[in-house]
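Work through the exercises below with the sequence and the model open. Try each task before reading its solution.

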Amino acid sequence: MVKITVCLGSSCHLKGSRQVVQDLQYLIGHHNLKDKIDLSGIFCMGQCQKGVCVTVDGELHSVKPETTQTFFDEVIMPRVS
Amino acid sequence: MDRKFDTKVQYLKYQVLREVVRLAYKDRLLEEASTIPKRIVPGKVPTMRCCVFKERAILQERVRMASGGTSANPNIIEVIDIACDECPVGGFEVTNACRGCIAHRCEQACRKGAITFDQHQKAHIDKNKCVECGMCAKVCPYNAIMNFRRPCEQACMIKAISMNEDKVALIDESKCVRCGACVYMCPFGAIVDKSYILNVIDILRKAEKDPEVHVYAVVAPSISGQFSYAKLGQVIAGIMKCGFFQVVEAALGADMVAYKESAELVEKGFLLSSCCPAFVDFVHKEFPTMVQHISHNLSPQATIAQYIKKTDPKCKIVFIGPCTAKKMEVQLEEVKPYVDAAMTFEELQALFDGLDIDITTLPEEPLDNASYYGRIFARSGGLTDAVREGIKEHGLEFDFKPIACNGLAECRKALLLASRGKLPNNFIEGMACLGGCIGGAGCLTHGDKIASNIDKYGKEALEQTISGAVSQYLSKDYPVKENTEIPPSGAPFVPHAPTPEASSSPAAPSAQPVPTPPAAAPAPPAAASAPAPEPKAQPAP
């Protein structure tokens, strides 16, 4: 199980966290990875300047709505396949 | 007098709170609490009462209330006996408008023989005979007889205040719903809400020593009209400077509530709102048969707190709002696990100044979690607008006939009709305070402009639909978890939603998912090649 946590605090929200969440949800569904990925939210990781903050098994990544696809391909996919 | 408050009573209460905060942070409160009155009233010349000694004695009581009050009294609102001026303005009196006419209708109308006339034929009421029936006032052609009531009794729309044998205000515990109207109205500040600011300070100081404990501030949307001397972003920065880890909008909880409550209404067909704790308490106390119709949702603050606790189990949550009844709500069994303390905007101002935080000098911090609809919960009618929108976004068919009750008097009227099956409406929005939460007793300022401020603040929200705001919350209660049909945007993110008037597509993710089969053979559109429309709001009603 890979644990992905997306920051939903004000700062990340304004940088597009909702879009990142929706895109991740889509990609997880698209690749049939619901059983392998646990997607959750949190309010603030204390790294607002790096937003949208996403942690993958505790490892912090900075994601933007337009880089979600790349992030998913490069960071998530290797962990689940 | 300070520019931050409506009245000098509020300012006095604030001075006491500020001193309590200062001493608490120096760990000197226990030893030096008794020095606070003299600090506030230093000289020998009284400015408020008959003498400085009475002023100080009352201030000592205020210090006690600022430090949590007596736990022996379960009510969070208390009368400070010695501060009550025992207002003589009681009942019917003849005013200067009496012209000393010949008809003397007042005399005829009075069955107790309480009305006499002086040598100018002007009427006088013998208070020993008068039974306050009001007949004389009704018949006077000049409306010269007026009913002077005590400000506290007049403010209390559910008649929970009377006076004891010493003519001191007395709160009927079986009726009081802790709305705080009397607290705000008493011209002598004799009725006070207990402050739990020491609990908040304790939470903040413990968290300072333990980096694993985050303290979240959940702020009510009515904050937008408060702290008018600074920008909202600076208020948020100030809250974080006090030691809070993050500030989250209670309005997001309101979005969650509106989302669920609209579905609940359609399912049940008749519903009372559960957002206002004073209204809920009122239904329990005066209309027990209607309790079954109260929405099963927790209030917005408790709903968002419940969510935050799920994402960060070790955290502490403090609600900051305009409401005295919330201090009672957080003591309820069903809310206690989620919200650790509640404080008012008045107390927040005291916390800022007790810590010498000048918020006007701080850089702004963002606050954006909720939608337009969650934010307008702060004013009367906002909850109704949100539930209407919720029904629409769910795509449900329902003949929505709401009644937005502004203040407890209207609530009582609607509930009375509803309990007899004579209310033509199927949804009661109950708000205990006049104007809604923006009329709350814990507000720094109350005014006519504040309602339009709330709408403006609502329109500034990034999210303009309820489902837009709740969709990212990855819980089974909200729609998107199962909805994998939204293609990645790929689109460059638009940092701020356009004004609702300018937007067009109502496509909220739950309402109109873009029909892309999840298992479609082609890869999802590459970044930047197929931008999906950003869900946007319908124009606000």
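Helices and strands here are DSSP runs, numbered from the N terminus: a helix has at least four residues, a strand at least two. The model is predicted.

**Exercise 1. Find the backbone features at V52(A), D57(A) and H104(B).**

Step 1. Take V52(A). This residue lies in the loop between β2 and β3 (53-56) of chain A. The peptide bond joining G51(A) and V52(A) is cis, with omega of about 5°.

Step 2. Take D57(A). Its phi is positive, about 50°, although D57(A) is not a glycine. The residue lies in the loop between β3 and β4 (59-62) of chain A. D57(A) counts as exposed because it has 11 C-beta neighbours inside 10 Å.

Step 3. Take H104(B). Its phi is also positive, near 55°, in a residue other than glycine. H104(B) is in the loop between β2 (91-94) and α5 (105-109) of chain B. With 15 other C-beta atoms within 10 Å, H104(B) is partly exposed.

**Exercise 2. Describe how α1(B) and α9(B) pack.**

Step 1. Two packed helices are described by the angle between their axes and the distance between the axes. Helix α1 (residues 8-25) and helix α9 (residues 197-209) of chain B pack at about 35°, with axes 10 Å apart. The crossing of α1(B) and α9(B) is right-handed.

Step 2. List the contact. From α1(B) come L17(B), V20(B), V21(B), A24(B) and Y25(B); from α9(B) come I197(B), L198(B) and I201(B).

Step 3. Sort the contact residues of α1(B) and α9(B). Eight are nonpolar; none is polar and none is charged.

**Exercise 3. Work out the strand order of the open three-stranded sheet in chain B, and say why its edges lack a neighbour.**

Step 1. Write the order. It is β11-β15-β14 (chain B), with parallel pairing.

Step 2. Explain the edges. β11 (271-272) and β14 (402-406) of chain B each have a single partner strand, so one side of each has no neighbour in the sheet.

Step 3. Check one pairing. Five bridges join β14(B) to β15 (residues 427-431) of chain B. N406(B) has M431(B) as its bridge partner in β15(B).

**Exercise 4. Which region of chain B has pLDDT under 50?**

Step 1. Start with the average. Chain B averages a pLDDT of 88, and 87% of the residues score at least 70.

Step 2. Locate the region. Residues 480-541 of chain B stay under 50.

Step 3. Where pLDDT is low, the predicted coordinates should not be read in detail.

Methods. Residues are numbered from 1 along each chain as its sequence is written. Chains are lettered from A and ligands numbered from 1 in the order in which they are written. This is a predicted model: local features need pLDDT of at least 70, side-chain atom pairs count only at pLDDT 80 or more; totals for chains, interfaces and linings use all residues. Axes are lines fitted to C-alpha atoms, for helices over the stretch in contact, and angles run from 0 to 180 degrees between N-to-C directions. A crossing is left-handed if the near helix is turned anticlockwise from the far one by less than a right angle, and right-handed if clockwise. Two residues are in contact if their C-beta atoms, placed from the backbone, lie within 7 Å. Ala, Val, Leu, Ile, Met, Phe, Trp, Tyr, Cys and Pro count as nonpolar, Asp, Glu, Lys and Arg as charged, and the others, Gly among them, as polar. pLDDT is the predictor's confidence in each residue, from 0 to 100. Two strands pair if DSSP finds at least two bridges between them. A residue is buried if 20 or more other C-beta atoms lie within 10 Å of its own, exposed if 12 or fewer, and partly exposed in between; C-beta atoms are placed from the backbone.
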